[in-house]
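Subject: Structure handover

Hi,

Here is the structure I promised to pass on to you. Have a look at it first, and then read on for my notes on what turned up.

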Amino acid sequence: MTVDFALDQQQRDFAASIDAALGAADLPGAVRAWSAGDTAPGRKVWQQLANLGVSALNVPEQFDGLGAGPVDLVVALERLGRWCVPGPVAESIAVAPVLLANDDQADRCAGLASGELIATVALPPQVPRAADADAAGLVLLVGQADVGEGKPVQRHESVDPSRRLYDVTPAGEPWQASKSIVERAYEFGVLATAAQLVGAAEALLTAAVDYAKQRTQFGRVIGSYQAIKHKLADVHIAIELARPLVYGAALSLQPRDVSAAKVAAGEAGLLAARSALQTHGAIGFTQEHDLSLGLLRVQALRCAWGTPQQHRRRVLEAL
């Protein structure tokens, strides 16, 4: 008996619709504006995603969501990583719906589903700071057995200027949440971040391949050199090794699988970033070049929702 992990036609169409919407938007401009504190262009992108149902994927149907499975979530998050969507993507689309899935929070769940509410999450010690807490309409602070509203306090700069990090202090009485819910929320955060890394790696590889066909050195396009071909092929292989791990983790949601996927996706993203920068040369890391946005996003996401070292340790402990 064989097992088919291929996406079905509906999932492929869903991914294509996200690509079409985001491809028509000025994502580099939205990311730069978000970095400068102007979230209006980014919020327009978020509303487009809400219109496609992306923000409702992980919200249960009884709270006006789609109640889709983790695989559908990964399909969407990979595309969002591909286009470098600004804002607390993993936190609002993947994690907050898990934490708010109860009758007392029905209005907030509906807000997440419609795109009217953007949420962010701090889940110490694994996630000590909340991303983009200044732009979120709801900041959640998660304890071992409770969830409550939080208030952003001190701001910390990230390697990615469009991803600001905030210390969070409690704001009001928390509500009880089982340990299993907290653990499930964490796995969804890690999984969503891994999916974004795969998408970002794919975008960087595409940019490197396209540029290698244009840039010349010693009278030849650099893409004709075997060393460049091998380097870019290594990136492709790393992505194709990471992607099935991410989808496998979506099927199991087991900590070992989720951590292995995060490590592999992070390594693929890092290799793609290095290769893209080497292919472009110094121009790729200038603020004016769009490649820099993807390079910085990969660096930030590699350590978001757990560092590579933490996830490697978790895999080893599970073996």
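G137 is exposed, with a relative accessible area of 63%. You will find G137 in the loop between β2 and β3 (138-142). Leaving aside residues up to four places away in sequence, G137 touches L117 and I118. If you want a sense of distance, G137 and Q196 are separated by 59 residues in sequence and by 22 Å in space, C-alpha to C-alpha. Please keep in mind throughout that this is a predicted model.

Some backbone details next. P124 and P125 are joined by a cis peptide bond, with omega at about 10°, and P125 sits in the loop between β1 (119-122) and β2 (130-131). F218 has a positive phi near 55°, and W305 has a positive phi of about 55°. Their surroundings are worth a look too. F218 belongs to the loop between β7 (216-217) and β8 (220-221), and its relative accessible area is 74%, so F218 counts as exposed. W305 lies in the loop between α10 and α11; its relative accessibility is 2%, so W305 counts as buried.

On to the record. UniProt has an unreviewed entry whose annotation "domain: Acyl-CoA dehydrogenase/oxidase N-terminal" covers residues 10-106.

Helix α4 (residues 70-82) packs with helix α8 (residues 226-252) at an angle of about 145°, and the axes are 8 Å apart. The crossing of α4 past α8 is right-handed. On the α4 side the contact is made by P70, V71, V74, V75 and E78, and on the α8 side by R243, V246, Y247, A250 and L251. Sorted by class, the contact of α4 with α8 has 8 nonpolar and 2 charged residues, and no polar ones.

The second pair is helix α9 (residues 255-280) with helix α11 (residues 308-318), whose axes come within 8 Å and cross at roughly 140°. Here α9 passes α11 in a left-handed crossing. From α9 the contact takes in P255, R256, V258, S259, A260, K262, V263 and E267, while α11 contributes P308, H311, R312, R314, V315 and A318. By class, the contact of α9 with α11 has 7 nonpolar, 2 polar and 5 charged residues.

Now for the salt bridges. How many are there in the model? The count comes to 18 salt bridges. One of them joins R32 and D290, with the closest N and O atoms 2.9 Å apart. This pair links distant parts of the chain: R32 is in helix α2 (residues 27-35), and D290 is in the loop between α9 and α10 (291-303), 258 residues apart. R32 has a relative accessibility of 29%, so it counts as partly exposed. For D290 the relative accessible area is 40%, so D290 is partly exposed as well.

D160 and R297 form another salt bridge, and their closest N and O atoms are 2.6 Å apart. This pair, too, links distant parts of the chain, with D160 in the loop between β4 (146-156) and β5 (165-170) and R297 in helix α10, 137 residues apart. Are D160 and R297 buried or exposed? Both D160 and R297 are buried.

Finally, R79 forms a salt bridge with E78, the closest N and O atoms lying 3.6 Å apart. Both R79 and E78 are buried. These two residues belong to a network of salt bridges that links D19, E78, R79, E202, E240 and R243. E78 and R243 come up again here, as they are also among the residues that make the contact between α4 and α8.

Do write back once you have had a chance to look.

Best wishes

Methods: Residues are numbered from 1 along each chain as its sequence is written. This is a predicted model: local features need pLDDT of at least 70, side-chain atom pairs count only at pLDDT 80 or more; totals for chains, interfaces and linings use all residues. Side-chain values use heavy atoms; hydrogens and water are left out. Axes are lines fitted to C-alpha atoms, for helices over the stretch in contact, and angles run from 0 to 180 degrees between N-to-C directions. Helices (H or I, at least four residues) and strands (E, at least two) are DSSP runs, numbered from the N terminus. A crossing is left-handed if the near helix is turned anticlockwise from the far one by less than a right angle, and right-handed if clockwise. Contact means heavy atoms within 4.5 Å. Ala, Val, Leu, Ile, Met, Phe, Trp, Tyr, Cys and Pro count as nonpolar, Asp, Glu, Lys and Arg as charged, and the others, Gly among them, as polar. A salt bridge is a side-chain nitrogen of Lys or Arg within 4 Å of a carboxyl oxygen of Asp or Glu. Buried means under 20% relative accessible area, exposed over 50%, partly exposed in between (1.4 Å probe, protein chains only). UniProt positions are given in the numbering used here, feature names are shortened, and annotations may be inferred rather than shown by experiment.
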